[in-house]
Amino acid sequence: MRQISFLKVSMAIAIFAFVSCNKNADKSSNQASQPKAVTEEMMSENGTNPDEASITQNAGNTNASAATTEATDRNREGHFLYTESNEADNNRILIYKIRPNGSLHLEGTTTSGGAGTGKTIGSQGALVLDKEHEWLYAVNAGSNSVSSFKVHDDGSLTLAHTESSMGTTPNSVSVYGNLLYVLNNESDNIHGLKIGAGGTLSPIEGSTQPLSGSGVDAPQISFTPNGDWVVVTEKATNNIDLYKVKNNGSVWPAVVTASTGQTPFGLEFAREEDFMIVSNAAGGAAGAGSATSYIIGGNGIPNPVNGAVADHAAAPCWVAVTKYGRFAFVTNTAGNTISSYYVAPWGGLYLVQQLVVTTDEQPLDIVVAKNNFYVYELNGKAATIGEYRRKFLGGLEAIGSATGLPAPSAGLATY
């Protein structure tokens with residue numbers, strides 16, 4: 001009798017463990033039965049697609065209050081967009097107010113507390129806002145440091161603290177709660193900082209970890225939405241690294257996985273933050289670009305949902321996802337265009353439009369505004385920020401551009 005009871009318990013534990021380990025994999029287990037191509041009916045989600053609803057809500061307000069359709073945070077005076085000049089002599093944060101019609105107005109600049117490189121750093125996430133939009137963090141790629149800034153209600157910034165990145169040429173930063181991780185491109189390592197009162201930054205012991213090798217040319221670092229992992233993409237090795245975050249904020253050595261798609265670059269999370277969308281630049285080869293949707297397993301291995309989905313463009317490098325994660329936009333840096341994808345409920349990625357819109361020269365970072373209606377992208381060689389209005393089914397309409405940016409400008413962050 002005892003033997004039978006023990007066997008039942010053992011079987012139950014084994015079944016539970018199997019189900020737990022595979023709960024994410026189940027989301028893509030029926031890929032063979034999923035559609036091979038996207039349709040308008042599929043993207044509308046039977047009229048319940050919240051990203052499409054955002055367009056309807058904002059469509060009639062482009063000259064009045066589209067930028068403030070949602071209640072502003074606390075007593076904030078509208079919405080703002082930030083980029084950094086990355087100038088070699090004096091790195092600055094440029095502050096733009098988002099007007100009601102989606103156009104940008106330069107409000108001012110703030111010194112970053114460090115130096116830039118004076119040339120394009122080729123990364124996603126050079127500066128980021130925290131979840132509450134109360135603090136902004138930026139890399140100083142030319143002086144190997146990270147700075148924190150208090151965000152005021154009028155969008156202005158006050159430099160709070162600058163701290164070493166513990167590496168060379170920091171080019172990307174990510175924040176989760178009171179943890180900040182920075183990617184050092186030339187020294188091929190990551191480093192963690194604890195965020196304290198007043199924006200102070202202090203090193204986390206045991207947080208400095210190497211990437212998969214030397215000369216990997218890593219363009220982005222990002223926390224997963226639940227803060228359990230830190231993700232890094234590596235262009236030169238076609239690897240994706242995941243670091244498990246410990247209770248003290250430090251991380252374990254990387255779990256290194258070969259990417260599905262060549263030259264993994266930018267990444268964002270979609271849907272209910274379950275799926276990681278990665279752009280694949282394919283070494284900049286004409287017509288060879290793609291993007292991949294991944295589910296991150298409990299073991300830190302990113303599992304591709306439906307492979308590398310081609311956008312037939314040149315160098316899709318930067319990626320941005322709409323508020324509810326139904327659509328992803330990628331900037332094709334070598335082709336001066338933007339492509340759009342639809343993210344299905346099961347995580348499958350589908351190309352919607354290869355050429356959504358033509359940009360100014362060398363499109364880099366791209367972001368979706370807080371109201372989920374406007375989209376902005378930074379153009380390196382043109383030294384502009386393109387301004388767009390979202391259209392139905394993954395479309396964009398150009399509405400203008402902000403000009404006169406410093407040529408090496410890097411990163412976009414908005415609220």
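Which residues are linked with Arg271 in a network of salt bridges? In this predicted model, the network consists of Glu45, Arg271, Glu272 and Arg326.

## The salt-bridge network

Within this group, Arg271 and Glu45 form a salt bridge through their side chains, with an N to O distance of 2.5 Å. Arg271 belongs to the loop between β17 (264-270) and β18 (275-280), while Glu45 belongs to the loop between α2 (40-44) and α3 (50-59), so their pairing ties together parts that are 226 residues apart in sequence. Arg271 and Glu45 are both buried.

The count of salt bridges in the model is seven. Side chains of opposite charge can pair when their charged atoms come close.

## Further salt bridges

Lys235 and Asp217 also meet in a salt bridge between their side chains, at 3.4 Å from N to O. Because Lys235 sits in the loop between β14 (229-234) and β15 (239-244), and Asp217 in the loop between β12 (209-210) and β13 (220-223), this pair ties together parts that are 18 residues apart in sequence. The two partners fall into separate accessibility classes: Lys235 counts as buried at 16% relative accessibility, whereas Asp217 is partly exposed, with a relative accessible area of 33%.

Another salt bridge joins Arg92 to Glu87, where the closest N and O atoms are 2.9 Å apart. Arg92 is partly exposed, and its relative accessible area is 23%.

## The largest nonpolar core

The largest nonpolar core contains 17 residues. Those touching the most other members are Leu81, Tyr96, Leu104, Tyr376, Ile385, Leu405 and Leu412.

The surroundings of Ile385 can be described in detail. When residues up to four places away in sequence are not counted, the contacts of Ile385 include Leu81, Tyr96, Leu104, Tyr376, Leu405 and Leu412, which are also listed among the core residues that touch the most other members.

Strands β19 (residues 290-296) and β20 (residues 302-310) run antiparallel and are joined by six bridges. Within this pairing, Ala291 stands opposite Val309 of β20.

How many residues lie between the strands of this hairpin? There are five residues between β19 and β20, and in this hairpin Gly300 adopts a positive phi near 85°.

How values were computed
Residues numbered from 1 in each chain as written. Predicted model: local features only at pLDDT ≥ 70, side-chain atom pairs only at ≥ 80, totals over all residues. Heavy atoms only, no water. Salt bridge = Lys/Arg side-chain N within 4 Å of Asp/Glu carboxyl O. Helix = DSSP H or I, 4+ residues; strand = E, 2+ residues; numbered from the N terminus. Buried < 20%, exposed > 50% of the residue type's maximum accessible area, 1.4 Å probe, protein only. Core = buried A, V, L, I, M, F, W, Y, C linked by side-chain atoms within 4.5 Å. Contact = heavy atoms within 4.5 Å. Pairing = 2+ DSSP bridges.
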